[in-house]
Amino acid sequence: MSAALIDGKQIAATIRVEVANGVRELTEQGITPGLATVLIGDDPGSHSYVGMKKKACGELGINSFAEEHSADMSEEELLSLVDRLNGDPAVHGILVQLPLPGHIDEQKVLLAIDPAKDVDGFHPDNVGRLMVGQPRFTPCTPAGILELLHRSGNPPGGREVVVVGRSNIVGKPVAMLLVQKNDKANATVTVAHSRTQDLPDIVRRADIVIAAIGSPRFIKADWLKPGAVVIDVGSNRVEDSTRERGWRMVGDVDFEAALEVASAITPVPGGVGPMTITMLMVNTLQAARTIHGIG
Ligand SMILES: NC(=O)c1ccc[n+]([C@@H]2O[C@H](COP(=O)([O-])OP(=O)(O)OC[C@H]3O[C@@H](n4cnc5c(N)ncnc54)[C@H](OP(=O)(O)O)[C@@H]3O)[C@@H](O)[C@H]2O)c1
């Protein structure tokens, strides 16, 4: 067996066309969706992520407002910046790039964002809404995973899903989404983590495996049920002397071996990654529509 590849780049491109059309319709009504990105400090990874988000905005006709500040910005200054963005009518979405410098309380900052502009979906108000099945914004990576499953012809309804990882940004929200009582979800979900016993046996019963661990090639092919669908969220740098830059990205699943067992699998890169920023654009468009009472 050789698994079908679930092409995140292509699925993301399709969704981006839908978003661009939605943005055009709004702009014709005099409303241009706007996303404010807040970047504190000079972490190269964070700069690169924010750069990709700004680029995506530009390509889709979304205004982007870049707030870039030095690592010595105080918590008070950041809170007052968030407050200003909350009140700015041109800003429909606010994204504070994590992690923040150690002297700033991340939770305090995330709580300060107006939930109606919280396009990352991390505010407890939005987390609670997701849990009770009345989502306002769905966190971007979990939302992207659901789109990948549906648009690749692998709907999770009635199937057994094992999520490995219980972070607040991937594992827990994707499990919460999948267990909802609606046509997009209706899965039977198990969440595993570092204290889980007999992980291979638990993974082996999954029709769909979602790996969000942060450990290169951690999930082995012989843990997979033949024909399982594998969504690999992991994004890990490993040394590769054949590359000029000396490294390459791999996922949390032993991809080459898993190809022989799974029925479908996301590659890394090119699977979940392209979906995350795309879903941020979806959420920003939705924020603009909701704030203006449209649709
Ligand atoms: N492509 C994208 O858009 C995207 C977006 C977000 C994240 N990611 C990637 O996805 C991965 C996970 O991210 P994250 O933010 O969710 O990571 P995280 O906050 O570090 O969480 C990792 C989870 O994996 C679990 N874990 C660690 N070792 C384990 C083991 N031996 N057995 C079973 N579970 C284990 C941890 O369990 P405990 O809770 O018990 O510690 C934790 O719940 C990372 O590689 C990250 O870079 C990619």
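Predicted model: local features only at pLDDT ≥ 70, side-chain atom pairs only at ≥ 80, totals over all residues.
Partly exposed describes a residue between buried (under 20% relative accessible area) and exposed (over 50%), using a 1.4 Å probe and protein chains only. Residues are numbered from 1 along each chain as its sequence is written, and side-chain values use heavy atoms, leaving out hydrogens and water.

**Overall count**
- The whole structure holds 14 salt bridges, each a side-chain nitrogen of Lys or Arg within 4 Å of a carboxyl oxygen of Asp or Glu.

**A link between helices**
- Arginine 151 and glutamate 18 pair through their side chains in a salt bridge, at 3.0 Å from N to O.
- Arginine 151 sits in helix H6 (residues 140-151) and glutamate 18 in helix H1 (residues 8-28), so this pair ties together parts 133 residues apart in sequence; helices here are DSSP runs of H or I with at least four residues, numbered from the N terminus.
- Arginine 151 is partly exposed at 36%, and glutamate 18 is partly exposed at 40%.
- A network of salt bridges links Glu18, Glu147, Arg151 and Lys184.

- In helix H2 (residues 44-60), lysine 55 and glutamate 59 are four residues apart, about one turn, and their closest N and O atoms are 3.3 Å apart in a salt bridge.
- Lysine 55 is exposed at 55%, while glutamate 59 is partly exposed at 47%.
- Helix H8 (residues 199-204) holds arginine 204 and aspartate 201, three residues apart, with a salt bridge at 2.7 Å between the closest N and O atoms.

Key:
Helix = DSSP H or I, 4+ residues; strand = E, 2+ residues; numbered from the N terminus.
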